[in-house]
Amino acid sequence: MEISESQERRDLRAAVAAIGKSYGHDYYLTKSLGGEKSTELWQEVGKQGFLGVNIAEEYGGGGGGIYELHAVGEELAAAGCPLLMTVVSPAICGTIIQAFGTDEQKRRWLPGIASGEIIMSFAITEPDAGSNSHNIATTAKRDGADWVLRGTKYYISGVDEAQAILVVTRTGTDERGRGRLSLMVVPTDAAGLQKTLIPVQAVTPEKQFTLFFDDVRVPGDNLIGARDEGLRQVFVGLNPERIMGAALGNGIGRYALNKACTYARERRVWDTPIGAHQGVAHPLAHAKIQVELARLMTQRAAALHDAGEAGAGEAANMAKYAAAEAGILALDQAIQTHGGNGLATEYGLATLWGPARLMRTAPISREMILNYVAQHSLALPRSY
């Protein structure tokens, strides 16, 4: 792991930051409140090659890793545009297909994911399974040359802007009664696939959906990787998911601190900038320290993942936990620094509370991360 980032990575950050700032939080907010998509920003980032920095050059990508992609996600969030689908399409789906897809599948999906012309959603969560993937009930059964899917998925992001969904299904049961899982690519226009919007209060351009698979038929070659090996395969994409979630939390924290410090330098009470008062300055300094610590852990997690190190899972979970807490802390203090203005839409802070708070719950809750650290890092017995 580099102590300081290479010039190439600094240039990557600067280029993405410039795009993000050219759109800014006002654009993100207008699209979100209007029920529209951040299509122009997504396409611009893809056109410049930044959505595919983690995908191999032979498939139209930049040939980098999750480190480069997390920098893209963080810089967009730091510009007030935390794009949730960067976590899903290139990070989860792109990583899994690149690792386990056939040559034909890679040629079919990866160039479009890299350019942003294809968005792929990811469906694992179910109402009755929660974090216990062994209890996944959505089935895929072989019928001739095809697979037929039946079941329900819950809180699936961006289905209305995606061309396909990478679905985690049950294709068998092991000797302990747990599901044997497999990964299927399902087109979003497949017959029998029903999508129901879940109303949420988070101000984001991405929407959440419940999916119903009513005898959805897909070709046999839509299976990604080996049958019944889906759980092992999906974890190859879940560490990047955690790292990208951390990147968004870190970016929101940076955005909030920048807004707060600008306001604290300019806002004067009794002829003194409010930032001169320790009651304002110290909480912001504390938040800055927490954000930088979270960024450091996130960079470490990305470096370990790209190097194939065994400690990547631990670091990814810790990074996601730290970034969620730091992002919320920074945003809350930025709102407090602004006083009543902190809740005004025009100041662009409270409008990011939903995405920031989401990072504590998704893609994995802080409690499950604490369970992971207790068990794997501290060798404590499991409680479940």
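The model is predicted: local features need pLDDT of at least 70, side-chain atom pairs count only at pLDDT 80 or more, and totals for chains, interfaces and linings use all residues. Residues are numbered from 1 along each chain as its sequence is written, and side-chain values use heavy atoms, with hydrogens and water left out.

**Overall build**
- The protein has 10 helices and 10 strands (DSSP runs numbered from the N terminus: H or I of at least four residues for helices, E of at least two for strands).
- Its radius of gyration, taken over C-alpha atoms, is 21 Å, close to the 21 Å from the globule rule for 384 residues, so the protein is as compact as a globular protein of that length. The rule is 2.2 Å times the number of residues to the power 0.38.
- The C-alpha trace spans about 80 × 50 × 40 Å along its principal axes.

**Surface and contacts**
- Of the 384 residues, 53% count as buried (under 20% relative accessible area, 1.4 Å probe, protein chains only).
- The accessible surface (Shrake-Rupley method, 1.4 Å probe) is about 16,900 Å², and carbon and sulfur atoms hold 51% of that.
- Among contacts (heavy atoms within 4.5 Å) with a separation of 6 or more, 71% join residues 24 or more positions apart.

**Annotated region**
- An unreviewed UniProt entry annotates residues 8–117 as "domain: Acyl-CoA dehydrogenase/oxidase N-terminal"; such annotations may be inferred rather than shown by experiment.
- Residues 8–117 are 70% helix and 0% strand.

**Helix α10**
- Helix α10 (residues 366–377) has 12 residues and should span 16 Å at 1.5 Å a residue, which agrees with the 15 Å between its end C-alpha atoms. The expected span is 1.5 Å times one less than the number of residues.

How values were computed:
Buried means under 20% relative accessible area, exposed over 50%, partly exposed in between (1.4 Å probe, protein chains only).
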